[in-house]
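Visitor: I would like to learn how to read helix packing and chain contacts in a model. Please show me with an example.

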Amino acid sequence: MGQAIGVLFDGIAYGSLLFLVSLGLSVTMGLMNFVNLAHGAFAMAGGFTCVLAMTRLGIPFLATLPLAFIVTAAIGAVLERFLYRRLYNAGELDQVLFSIGLTFMSIATATYFFGSSQQPMHLPDFLRGQFHFLGGDFGVYRAFLIETVIVLTAVLGFLLTHTRFGSQVRASVDDATAARGLGIDVDRVFSVAFALGSGLAGLGGGLGIEVLGLDSTFPLKYMVYFLLVVVVGGVGTIKGPIAAALLLGVLDVAGKYYVPQVGAFVIYAAMIVLLMLFPAGLFGKRR
Amino acid sequence: MKPGSRAVEIVFWLLPLAAFFLLPGYLVLGSQILIVSLFAMSLDLLLGYAGIVSLGHAAFFGLGAYTAGLLAAHGWGEPLTGLVAAAASAAIFGFVVSFLVVRGEDLARLMVTLGVGLLMFEAANRAAFITGGVDGLSGVTMWKLFGVFPFDLSGRTAFLYAYAVLLAAFLLLRRVVNSPFGLSLRGVRENRRRMAAIGSPVNRRLVAIFTLGAGVAGIAGALLAQTTQFVGLDTLGFERSADLLIMLVLGGTGRLYGAVVGTLVFMVAQDYLSGINPVYWQFWLGMLLVLFVFFARGGILGAAEALWKRR
């Protein structure tokens with residue numbers, strides 16, 4: 001029993017991380033219909049920012065996280081302005097090719113500067129170890145992860161539902177043409193949302209070093225997971241991606257724990273089944 | 001068909017034979033190029049004619065490779081029947097998968113092909129007792145082709161074998177894409193709804209072409225297994241699917257020849273550049289893709305055609 005709870009807990013921690021990284025992708029795919037296979041590269045950039053800040057500059061781990069957010073958001077903003085924007089109305093194939101190209105470049109760049117080995121990660125003492133609760137042992141860091149994501153989600157939820165910017169984003173996702181007609185600067189909304197999403201991915205990448213690992217193949221390794229959260233979760237809500245990410249996280253951890261010989265098979269099979277059952281996402285709102 | 005293009009075509013198909021005699025040191029690379037060209041051609045059926053973007057086409061290539069490889073490793077090393085078996089298994093699997101692919105919209109379709117590719121990779125990886133897992137399938141021993149020509153280290157048989165299969169497949173596929181069936185596929189690519197409105201059974205067409213594309217990919221995979229007498233997990237990998245997409249787009253989609261030209265340029269560049277440094281190769285490949293998307297959408301042949309028309 002304690003074991004099952006432990007697996008569930010780890011799955012939720014993993015899922016919340018997936019959610020954090022994928023949220024930006026949900027905006028990209030939902031708002032602009034852009035199939036962005038390079039989203040994982042932003043998470044990787046965040047991860048490497050954290051590692052560099054820790055090892056080269058000696059900044060403590062928690063303080064590197066805002067840095068990861070800012071750096072990746074800036075990278076995202078620049079790429080959006082000069083490259084992504086030009087392809088919003090292009091076909092799906094162009095977007096796929098472009099983002100694969102970007103992914104390859106990011107992998108090669110990371111390999112060039114950091115080599116292809118796993119990056120070392122040293123958590124501060126107070127985030128290490130385990131605590132005992134209700135008859136199960138839980139990792140302190142994973143609990144921290146879940147809490148962080150809950151707080152961030154609350155903030156984002158507030159941002160989306162109670163601010164002017166949030167209304168503009170939701171309006172643009174629902175119907176970009178009508179939103180334009182109402183005088184919303186959809187392009188600008190999207191630029192900001194893209195930067196924000198990239199930043200969140202970077203933050204997730206930094207937070208995730210301990211759980212997902214970090215090496216130069218990161219963008220390809222987790223590409224499917226991020227895409228999956230968005231496709232299964234549906235676009236335009238926070239609720240959908242949360243549910244999808246938690247579901248995937250728990251499924252993946254449980255699969256690896258209980259049937260290790262099957263491995264990642266579980267997640268890919270689940271993906272195809274979910275796509276068949278919910279072609280418009282769990283809380284389907286697909287145009 | 002334009003006058004004079006027949007002569008160009010004949011010259012084009014004589015080039016590999018010229019290479020066979022003039023560049024005996026490059027026969028192994030040459031057969032790889034021929035095989036991957038066939039693979040790229042199979043993707044062109046889906047992408048260039050039916051407009052299906054697939055990120056998991058390697059699933060069928062790998063399935064064909066493992067089918068032929070396993071047959072040969074377990075005592076049936078006859079090449080041609082191996083090809084047929086590989087084509088059949090890949091086509092059957094393609095037929096099954098096609099229903100999943102046809103069902104969804106663009107994005108879901110992309111994800112399904114990606115998922116199927118990854119699923120096959122994991123399956124082969126986990127079923128190491130059959131496939132050899134990460135070590136690859138070894139012990140593939142081929143019989144002599146027609147009982148006469150051995151697959152030896154010089155690669156002469158392999159090259160001519162791959163060439164003959166590619167040419168035969170090309171002639172067949174050209175018939176297919178120029179038939180009314182091929183025309184209806186192009187119609188689906190351009191406007192799916194309108195094709196449905198004028199009474200074309202869109203989904204049946206897509207199922208048919210997906211099955212055919214999968215079968216041809218299976219043949220290409222089998223050729224690779226038979227000529228190298230080895231099957232590695234990378235035959236199923238995502239990077240193979242992605243590279244393939246790149247080669248095809250590089251050459252130009254929807255013209256069959258683009259598959260061959262793109263593969264040739266890609267693989268020669270890869271051979272040369274990754275010999276210098278594999279990391280550089282990946283970087284420049286990525287850069288090339290981005291540039292291509294922005295500046296040269298028709299690929300090499302598309303650009304050539306534009307130049308030709310401008311004269």
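Guide: Two packed helices are described by the angle between their axes and the distance between the axes. Here the axes of H4(A) and helix H13 (residues 278-295) of chain B cross at roughly 155° and come within 7 Å. Axes are lines fitted to C-alpha atoms, for helices over the stretch in contact, with angles from 0 to 180 degrees between N-to-C directions. Helices (H or I, at least four residues) and strands (E, at least two) are DSSP runs numbered from the N terminus.

Visitor: What should I know about the source and the numbering?

Guide: This is a predicted model, in which local features need pLDDT of at least 70 and side-chain atom pairs count only at pLDDT 80 or more, while totals for chains, interfaces and linings use all residues. Residues are numbered from 1 along each chain as its sequence is written, and chains are lettered from A and ligands numbered from 1 in the order in which they are written.

Visitor: How are H4(A) and H13(B) oriented to each other?

Guide: Angles under 35 degrees count as roughly parallel, over 145 as roughly antiparallel, 65 to 115 as roughly perpendicular and the rest as oblique. H4(A) and H13(B) are therefore roughly antiparallel. Their crossing is left-handed; that term applies if the near helix is turned anticlockwise from the far one by less than a right angle, and right-handed if clockwise.

Visitor: Which residue classes make up the contact of H4(A) with H13(B)?

Guide: It has 16 nonpolar, five polar and one charged. Ala, Val, Leu, Ile, Met, Phe, Trp, Tyr, Cys and Pro count as nonpolar, Asp, Glu, Lys and Arg as charged, and the others, Gly among them, as polar.

Visitor: How many residues of chain A are in contact with chain B?

Guide: Two residues are in contact if their C-beta atoms, placed from the backbone, lie within 7 Å. On that basis 34 residues of chain A touch 30 residues of chain B. H4(A) gives the most to the chain A side, with 16 residues. That side divides into 26 nonpolar, five polar and three charged residues.

Visitor: What does a helix pair within chain A look like?

Guide: Helix H3 (residues 61-82) and helix H8 (residues 186-212) of chain A have axes that come within 7 Å and cross at roughly 140°. That makes H3(A) oblique to H8(A), and the crossing is right-handed. Their contact holds 14 nonpolar, nine polar and two charged residues.

Visitor: What are the secondary structure counts of chain A?

Guide: Chain A has 12 helices and two strands.
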